[in-house]
Amino acid sequence: AVMPAARKKRHADFPLRQFLLCPSCGERVRGSRSTGKMKKSYWYYHCKNKKCHFIVQTKPIHELFDEYMQKITPSPELLSLFKEIVLKAFAERHQLAADGAAEAQRALNAIRDEKQTLVELMKRSGDDPELLKDLKEQYADVRKRMSLAKMHRGKKESEEVQAEAVVDYCVHFLEHAHKLWKEAQPEEQFRLQSLIFPEGISYDALTGKQTPKLSPVYEVISGLENG
């Protein structure tokens with residue numbers, strides 16, 4: 001008889017539980033263990049909807065999933081092109097940010113000069129109460145504008161990003177995703193496969209009858225290949 005597996009958040013025997021999609025109804029499958037007459041255990045994925053009659057052993061599914069992960073691994077040439085394009089985009093965005101920060105700094109410097117001028121004028125207007133009052137009001141306005149200018153500059157300035165290191169990490173992940181998946185713990189496996197297949201993957205996709213939805217980065221690389 002088929003018995004539900006022990007209730008755990010993630011189980012090493014069922015890495016695709018609640019991830020693999022039933023080919024009939026699209027529901028996420030469950031994982032179960034069955035004990036035969038010789039007390040030998042078998043592991044299955046099956047749909048909770050009994051009308052679907054979908055049940056399949058885990059081992060061949062895991063092999064198909066590993067094969068599919070290898071199939072979608074981008075070629076070294078595509079990964080090299082991907083890295084080149086991303087680094088160029090990083091450089092362009094960094095230059096825009098630098099230009100914006102420089103402009104914000106110039107605006108802040110101008111307000112500082114205006115503030116210093118008002119301070120000097122206030123020092124000289126001690127004998128004219130009306131003028132001093134007016135200068136103090138202008139000074140208060142300048143201080144407000146300076147605070148806003150500092151906030152604007154802070155938004156424009158960004159920490160220097162080690163773009164190449166970030167892209168290299170991404171490329172390493174794309175190149176070795178199937179190996180990382182096989183070596184990962186159950187929780188990490190689920191997170192990793194969910195990054196690649198955000199909507200899960202259907203049994204029909206693993207058997208070549210359907211094309212699954214991949215994460216945007218895979219879609220971008222696929223576009224490079226077809227472009």
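**Figure 1. Aromatic pairs in the predicted model.** A search of the whole structure, which is a predicted model, turns up 8 aromatic pairs. One of them joins Phe19 and Phe190 in an edge-to-face arrangement, with 6.0 Å from centre to centre and 75° between the planes. Where do the two partners of this pair sit in the chain? Phe19 is found in the loop between S1 and S2, while Phe190 belongs to helix H5 (residues 186-196).

**Figure 2. A closer look at Phe19 and Phe197.** Is Phe19 buried or exposed? With a relative accessible area of 1%, Phe19 is buried. The ring of Phe19 also pairs with the ring of Phe197: their centres are 6.4 Å apart and their planes stand at 70°, so this pair is edge-to-face. Angles over 60 degrees between the planes count as edge-to-face.

**Figure 3. The aromatic cluster and its buried members.** Which residues form one aromatic cluster? They are Phe19, Phe65, Tyr68, Trp181, Phe190 and Phe197. Among them, Phe197 has a relative accessible area of 0% and is buried. Phe190, at 18%, is buried too, because the cut-off for buried is under 20% relative accessible area.

**Figure 4. Helices H1 and H4 side by side.** Two packed helices are described by the angle between their axes and the distance between the axes. Here, helix H1 (residues 58-71) packs with helix H4 (residues 163-183) at an angle of about 150°, and the axes are 7 Å apart. That angle makes H1 roughly antiparallel to H4, because angles over 145 degrees count that way. On the H1 side, the residues that meet H4 are Phe65, Asp66, Met69 and Gln70. Their counterparts in H4 are Ala177, His178, Trp181 and Lys182. Sorted by class, this contact has 4 nonpolar, 2 polar and 2 charged residues. Phe65 in H1 and Trp181 in H4 take part in this contact, and both also belong to the aromatic cluster.

**Figure 5. How confident is the prediction, and where?** The chain has an average pLDDT of 84, and 89% of the residues score at least 70. Which elements have the lowest and the highest mean pLDDT? Strand S1 (residues 2-4) has the lowest, 43, and strand S2 (residues 20-21) the highest, 96. Over residues 1-7, pLDDT stays under 50, and for this stretch the model has 17 contacts beyond four places in sequence.

Notes. Residues are numbered from 1 along each chain as its sequence is written. This is a predicted model: local features need pLDDT of at least 70, side-chain atom pairs count only at pLDDT 80 or more; totals for chains, interfaces and linings use all residues. Side-chain values use heavy atoms; hydrogens and water are left out. Axes are lines fitted to C-alpha atoms, for helices over the stretch in contact, and angles run from 0 to 180 degrees between N-to-C directions. Helices (H or I, at least four residues) and strands (E, at least two) are DSSP runs, numbered from the N terminus. Angles under 35 degrees count as roughly parallel, over 145 as roughly antiparallel, 65 to 115 as roughly perpendicular and the rest as oblique. Contact means heavy atoms within 4.5 Å. Ala, Val, Leu, Ile, Met, Phe, Trp, Tyr, Cys and Pro count as nonpolar, Asp, Glu, Lys and Arg as charged, and the others, Gly among them, as polar. pLDDT is the predictor's confidence in each residue, from 0 to 100. Rings of Phe, Tyr and Trp (its six-membered ring) pair if their centres lie within 6.5 Å; planes under 30 degrees apart count as stacked, over 60 as edge-to-face and the rest as tilted. Buried means under 20% relative accessible area, exposed over 50%, partly exposed in between (1.4 Å probe, protein chains only).
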